[in-house]
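Here is a brief report on one protein model. Please look over the sequence and the structure first.

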Amino acid sequence: TARANIQPFLEVHLIDGDPETHWCCRGQTRADVEQAWARIDLPKETVVRSMAIVPREDLQGFPRHLCVRVSRDGCNWDTVYESRNTTPPTDSQPIEFSFGPRPVKQVWIIGRDLPMTNFGLHAFSISGIQVIDIGGENIALHSRAAGVIASSFEPWIACYRESHQWLWAAHYDLGTKW
């Protein structure tokens with residue numbers, strides 16, 4: 001879990017099924033420095049009907065320009081959703097994008113025009129990605145052998161009190177005293 005992980009913003013949190021953890025791309029000084037993205041690789045090609053993005057509980061980090069693409073081979077991509085004026089979520093319920101049953105092996109979510117987050121930088125940050133098969137099951141879970149890769153993650157650990165507690169012994173050994 002994020003509480004036991006010194007890197008709380010890793011992309012694996014997108015497929016852990018836990019809405020309390022999240023991924024965050026590297027923070028940027030402006031909203032449009034570079035796009036941020038995450039790609040889910042399913043263990044095998046599967047017929048899926050939709051995908052969903054699970055927002056963070058605090059609703060931060062949802063990009064204004066959002067694009068969702070699917071592929072069967074990782075080379076040829078079909079855009080199933082794109083909006084340059086995406087409305088930020090108003091609650092932490094998954095936002096579903098339906099595109100009809102089709103065989104899919106990869107799902108690629110791309111964010112641009114990134115919002116300001118509470119750590120003072122612009123970032124794309126969400127709690128999870130769900131890929132829904134025709135039976136209504138989320139198949140984008142590491143427990144079901146799905147994989148994930150992202151453009152980056154935010155290595156900044158100073159925003160959590162727990163991080164300081166874990167690191168206090170190292171700070172003390174390095175000479176920091178009360």
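## Contacts and fold

The model is predicted. Among contacts in the protein with a separation of 6 or more, 77% join residues 24 or more positions apart.

The secondary structure comes to one helix and eight strands. Along the sequence the pattern reads β-β-β-β-β-β-β-β-α.

## Burial and surface

The protein has 178 residues, and 42% of them count as buried.

## Aromatic pairs

A pair of aromatic rings is described by the distance of the centres and the angle of the planes. Searching the whole structure gives four aromatic pairs. One of them is W23 with F124. Their ring centres lie 5.2 Å apart and their planes meet at 70°; the pair is edge-to-face because that angle is over 60 degrees.

This pair links distant parts of the chain. W23 sits in strand β1 (residues 23–24), while F124 sits in the loop between β5 (95–112) and β6 (125–126). The two are 101 residues apart. Both W23 and F124 are buried.

## The tryptophan cluster

W77 and W108 have ring centres 5.1 Å apart and planes at 55°, so the pair is tilted. This pair also links distant parts of the chain. W77 belongs to strand β4 (residues 77–83) and W108 to strand β5, 31 residues apart.

Is W77 buried or partly exposed? Its relative accessible area is 22%, so W77 is partly exposed. The cut-off for buried is under 20%. W37, W77 and W108 form one aromatic cluster.

Terms used: Residues numbered from 1 in each chain as written. Predicted model: local features only at pLDDT ≥ 70, side-chain atom pairs only at ≥ 80, totals over all residues. Heavy atoms only, no water. Phe/Tyr/Trp six-rings, centres within 6.5 Å; stacked < 30°, edge-to-face > 60°. Helix = DSSP H or I, 4+ residues; strand = E, 2+ residues; numbered from the N terminus. Buried < 20%, exposed > 50% of the residue type's maximum accessible area, 1.4 Å probe, protein only. Contact = heavy atoms within 4.5 Å.
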